[in-house]
Amino acid sequence: MSEFDAIVIGAGNGGLTAAAALQRGGAKTLLLERHNIPGGCATSFVRGEFEFEVALHQLSGLGTEDKPFIMRKVFNELGVMDKVEFVQEGELYRMIVVDEFDITLPASWSGIRNTLIENFPQEEEGVVGFMELCEQVTMESFMGLPQARKMNSEKMLNTNCKNYVKYGLRDAKSVLDEFFDDEQIKTLLAAYWCYLGMPPKDCNFCDLAVMLYAYGVFKPWHIKGGSQALSSALLESFLEAGGEVRFNCSVDAITTDQSGEKPKVTGVVTENGDSISCSQIISNASSVVTFGDLLDTPVLPSGISQDFKSRDLGTSAFCLYLGIDCTPEKLGIKNASTFISNTMDEELMHDTMSTMNPPVATMLTCYNVDDPSFAPPGKSQLSLLCLQYGSVWEDVPVEDYAETKYHFAEHLIEQAEQVFPGIRDHIEEVEVATPLTMMRYLNTPGGAIYGFQQNPEDGPLHRERYDQVSGLHLAGSWQGMGGFQPTYMVGVSTAKAVLKKVRQNKTTQESEAEVANV
Amino acid sequence: MSNSISNSNNTSAKNAGNAKTNILENIVGYSEGVERKRAREKTGSDFSQEKWKTSNDIAKLHPKRLQLKVAEVIQDTPSTKTFRLVSTGAILPPFQAGQYINLYVNINGVETARPYAISSCPTHRADPENGYYDLTVKLVDGGFVTNYLLHNVEVGQQFSATSPMGTFYHNPLFHGDKLVFLAGGSGGAPARAMIESVLNRGLKIDFHLIYGNSYENDVIFEDTFRELAEKHDNFHLTEVISRPTEGYSGRTGHLNAELITDVIGSVEGKTFYVCGPTPFNEFCEDQLTSLGVQGKHIRIECNGPPKTPSCLENWPSVVSEQDEVRVKVQGKGEFIAKVGEPLLNSLERNGYTVENACRSGECSLCRVKVIEGEVFNPPEARLRKSDETFGWTHSCVAFPTTDIEILY
Ligand SMILES: Cc1cc2nc3c(=O)[nH]c(=O)nc-3n(C[C@H](O)[C@H](O)[C@H](O)COP(=O)(O)OP(=O)(O)OC[C@H]3O[C@@H](n4cnc5c(N)ncnc54)[C@H](O)[C@@H]3O)c2cc1C
Ligand SMILES: Cc1cc2nc3c(=O)[nH]c(=O)nc-3n(C[C@H](O)[C@H](O)[C@H](O)COP(=O)(O)OP(=O)(O)OC[C@H]3O[C@@H](n4cnc5c(N)ncnc54)[C@H](O)[C@@H]3O)c2cc1C
Ligand code: FES
C-alpha cells in the first residue's frame, strides 16, 4: 500500500490549490515540482534591487470585503486568506490606440458605462444594451446554465438562460458588431481578448462578457509581494496541514496497470529514479506532456488522441521585466494596466503573434501605481508583454537566439516609448523572457501560458474532463482555461473529486481489513 | 481568463454525448462548434509524433546537467590553469559571454560544486566534434576545490556541470556601447570571453579592460589581451600591478578613482563591469561611486558567500563563527555545524545533496525552509519578499546562528 493517498505533479496554481485542498481534506499528499520554487507562472525572480512579478497582471474573482466574490471563499478554504494581502487596482485599463483614442475605463460598472457614454455619446443605446447583456450572460453562465444542465432541462435553459442561449457561444466580434457602429468602442471593449489569447472573431462572447463584468464589478486585484506570495502561502498551508513537497524533482513517468479495459495509475517515477506508488495522481503539467510523455501506455488512450487532434497549442508570450530608477508618475504612467496598440485590427494583432514582426499591441503593467512597495523607494517595476506563439522561436537558430531576443525586445520598448517616452533612459535592470523561457520554466509545449487555444469550440460546453486513465486527473490551464482564477479553481474542484475517491478507497480498505480480522 | 464557468460545468459535459437529450443544441453556435471540432479531429495532429519534444527543446538550450571531459589543461600562470572541457553528451548549449557553469566535484567523498565563468568565447562551443568551454581557475589559498582542480585534474577526467547561468554579461538594451571592465586576478576569465565575443562579432563597441594583478608574473591571458589590443582599435588594455618587482615600468597600485579617470577620462555614458575577489569588487564599486557613476551602470559579478559574516551588520553579537550548532534535516537526519560555515557547505560536508549553482545567494536553487531556529542572511542573499515571510533561505549564503531544523 502506498505511503500517499495522492500525488500532485507540478506546483503551479492548479497543482498548489489541488495539493492544499487534498491535504487539508485529509488525504496524505506528495507534491513534486521540477523547479526550485512553487508557482509555475505565478512566481517572481530577483535582479538587483527588484523582485519581478512574472505573470499576474490582474487577479479576478476576489470581490471586495463588502461585496465578496468566489475567490475569497476559495482562498479562505485553502487557509491562505490571512497569509497574503490583496491590493485593489483603481482602473480596469487604459487603452491607447496611437492616432485613434486614449481612454481609461474605471474599475466600476457604472463608471465604465459613464465613461463609454461620455466618449461615445452616439453609442449610448448600444452601451446600455451591451452592458446589460454582459451582466445577464455572466449571471446565467454561473447560475442558470449549470442548473439547467444538471437537470438536463430544455425549459430551464430557455427560460433562465435566454441571453446565454442567444449570445453566449457566438463569437465576440459579431456581438460587438450587433451593438455598435463605432470601431473605436468595439476595440476598446474587446481589449481583454489578450487574456484569452484569441481575437474577438475567434473567441466566445461569453468569455469576454464574463471578464468585463467580473473585473468591472468585482475589481481587478494584485497581491502584495506578487503572485509568488500567494504561491508560497498555498505551499505553507499545504505544509502546515502535513503535506510533503519535493522541489528540483521532475516526474519522468506515470506508471499504469494496463491489464484492465482502462489503464489505471499505479504511481510515478521521478528524475532521480525513485518510484512512488499511488492510485490517485493529479497532474498540473500540460496535458500534452502528461499523456504524451509521462504516461507509460504504449500509445495515447484513444479519447485523448481524438481530443488532441482537435486542439491547437495556445499562445505564449514575450515579456520584458524592467526595473526603473524613477516613479511611474515621472514617466506619465497613471494606471497599473495600459494596453498600447498601433492598430484596431485584432486579427492583424493575432496574425502578428505568429511572426517575428514588431508587435502591434503591447501591454504595459506597472504595479507601483497602486502599490509603491513593489520596488525600492522612488523606483518602479514595469512589464511589457506581447502575446506570441512559441513556434516562431523554436525556428530561431541557436546561434542567433540572444541577438534575436534583444532585437525583438527593442521593438517592445519602442512601442511603449511612443506613449511613455524616456523609458529606456531609466532602465536599471532588465530581463527578457521569450516563449522559450516560458517553455523552460513551465515545461509547456510551445511555451503556452494559457494551455490550448480557446476557440469557441474549446470551451467547457464542448469539452469533457479527461477521464481516460483511471486515477489520473488534470488540473491547470490544460483542463479548462488558462489564467489565474480558472487554474486556482480547477485545482480545488479536481481535489474535491479526488478526495471522494480517496475516502471511498479508505472505507473499502477498512471494511476489507475488518473482514480479514474477522 | 476570469471565466470560471469552465470549472463549474466540466463534469456535466458528458450529456453532450447523447444527441437526443442534448439541451445544449438550443444554444446558438453550439452545433457549429461541434461541427468545427469534428472537422479538426479529422485533420489535426495529436502531438504524438515527437515524444518528449518539449523536454528536448528545453534541453538544447538549458540542459539540467552537462557531461564534460577535460580535453586539455593549460598552465596559464604559476597560480592558474585553464581546463578545456568538451562534451561527452549532446552539443554544448549556447551562453552569453560572462556567464558561468557550476562544476560538480567529488573530493574525498564530499559532493560539492563551484561556479566558474566560461573564459572562452561563445563561438568556440558550437562545433559538434571539438566545441568547448574553457574554465580558468586560479588557486585560492586553502581553497577546497581550487586546490583539487589545480593539483589533481588531468586530461580525460570527467565532470558534470550545470548549463550556463548568471546575469553578468553585456545587455545591449541598456548597457550602451562604451564598456569598461575592471578585472582583478581571476576576473580576467569572464573578461576574455566578453572581449573576444565583442571583437569576434565585430560589434561597434568600445571596450576598455583595466586589469589589476598582484604580481607581474601572474597575469592571466596577458599575451592574449596584449595581442588583441594591438590588433583592434576598439579594444584598449591597461595593466596595473599592485606588488611590482623593483624596476617594473608599468602602472602600479590599485584601481582607484584617480587611475580610472586617468585611463578612461569621463565616466559619462559608460557601463562598468567589475569582477575579481570580493575586496577588489567592493573597492572598485566605491571608487566608481565616488566618480559619480550611478549604480545601474556598475555591474558586479557575484562572488560567493561572505568570508567573515560576523563582521556584517545585524550579525547577532552573542554568536561567534566558531560556535557549533545542531542542524536537523526533517525526515533525513542531523549533524553538528560551525556557525561561520555556509549551511550548504556543511550540508554537503555531511553527505546531504542540495541543488545549487551560483553559491552566492543569487540563483535560488539552494532554497531550504527553516522550520525552527535562526539563520543569518547576508545582503548577498537575493531572497524574495515572501521567502522571509515563510522562512525560506538560500542555504549557500545562510549561516545557522542557533540550532535549526530545516526542510528541503
Ligand atoms: C516563468 C518564469 C519563471 C522564472 N523564474 C526564475 C527563477 O526562478 N530564477 C531566476 O533567476 N530567473 C527566473 N526567471 C527569469 C528568467 O531567468 C529570465 O528571464 C532569464 O534569466 C532569461 O531567460 P532564460 O534564462 O530562460 O534564458 P534565455 O532567454 O533562454 O537565456 C539564458 C541564457 O541562455 C542562452 N540561451 C538560451 N537559449 C539559447 C539559444 N537558443 N541560443 C543561444 N543562447 C541561448 C542565452 O543567451 C542566455 O545566456 C523566470 C522567468 C519566467 C518567465
Ligand atoms: C508572462 C505571463 C503573463 C500572464 N498574465 C496573466 C494575467 O495577467 N492574468 C491571468 O489570469 N493569467 C495570466 N497568465 C496566465 C496564468 O499565469 C497561467 O495560465 C496559470 O498560472 C497557469 O497555471 P497552471 O496551473 O496551468 O500551471 P503552470 O503555471 O503552467 O505550472 C505548471 C507547473 O508544473 C511544473 N511541472 C511541469 N511538468 C512537470 C513534471 N514533469 N514534473 C514536475 N513538475 C512539473 C512546472 O514546473 C510548473 O511549476 C500569464 C502567464 C504568463 C507566463
Ligand atoms: S546556489 Fe544560487 S542561491 Fe544558493
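A salt bridge is a side-chain nitrogen of Lys or Arg within 4 Å of a carboxyl oxygen of Asp or Glu. In this predicted model, one such pair joins the side chains of A:Glu236 and B:Lys369, with N and O 2.6 Å apart. The pair crosses between chains: A:Glu236 belongs to helix α11 (residues 227-240) of chain A, and B:Lys369 to strand β15 (residues 367-372) of chain B. A:Glu236 counts as buried because its relative accessibility is 13%, below the 20% limit for that class. B:Lys369, at 8% relative accessibility, is buried as well.

Over all chains, the count comes to 47. Within chain A, A:Glu410 pairs with A:Arg424, the closest N and O atoms lying 2.7 Å apart. This pair links distant parts of the chain, since A:Glu410 sits in helix α17 (residues 401-419) and A:Arg424 in the loop between α17 and β18 (427-433), 14 residues apart. A:Arg424 is partly exposed, at 24% relative accessibility. In chain B, the side chains of B:Glu334 and B:Arg326 meet in a salt bridge of 2.5 Å, N to O. Here B:Glu334 is partly exposed at 41% relative accessibility, and B:Arg326 is partly exposed too, at 39%. Salt bridges can also join up into a network, as they do for A:Asp307, A:Arg311, A:Asp312, A:Glu457, A:Asp458, A:Arg463, B:Arg36 and B:Arg40.

Chain A is divided into domain 1 (6-50 + 66-84 + 226-311 + 455-515), domain 2 (107-218) and domain 3 (315-447). The contact between domain 1 and domain 3 of chain A takes 14 residues from domain 1 and 18 residues from domain 3, while the centres of these two domains, taken over C-alpha atoms, are 30 Å apart. Together the two domains bury about 1300 Å², with 67% of it on carbon and sulfur atoms. Three residues, A:Arg34, A:Glu49 and A:Phe50, supply 44% of the area that domain 1 buries against domain 3, more than any other three residues.

Two salt bridges are counted between domain 1 and domain 3 of chain A. The side chains of A:Lys379 and A:Glu49 form a salt bridge at 2.6 Å, N to O. On the domain 1 side, β3 (44-47) and α12 (287-294) of chain A are the elements that give two or more residues. By class, that side has six nonpolar, five polar and three charged residues.

Definitions and conventions:
Residues numbered from 1 in each chain as written. Chains lettered and ligands numbered in written order. Predicted model: local features only at pLDDT ≥ 70, side-chain atom pairs only at ≥ 80, totals over all residues. Heavy atoms only, no water. Domains from an automatic or database assignment. Contact = heavy atoms within 4.5 Å. Buried area = accessible area lost by both parts, 1.4 Å probe. Helix = DSSP H or I, 4+ residues; strand = E, 2+ residues; numbered from the N terminus. Nonpolar A, V, L, I, M, F, W, Y, C, P; charged D, E, K, R; others polar. Buried < 20%, exposed > 50% of the residue type's maximum accessible area, 1.4 Å probe, protein only.
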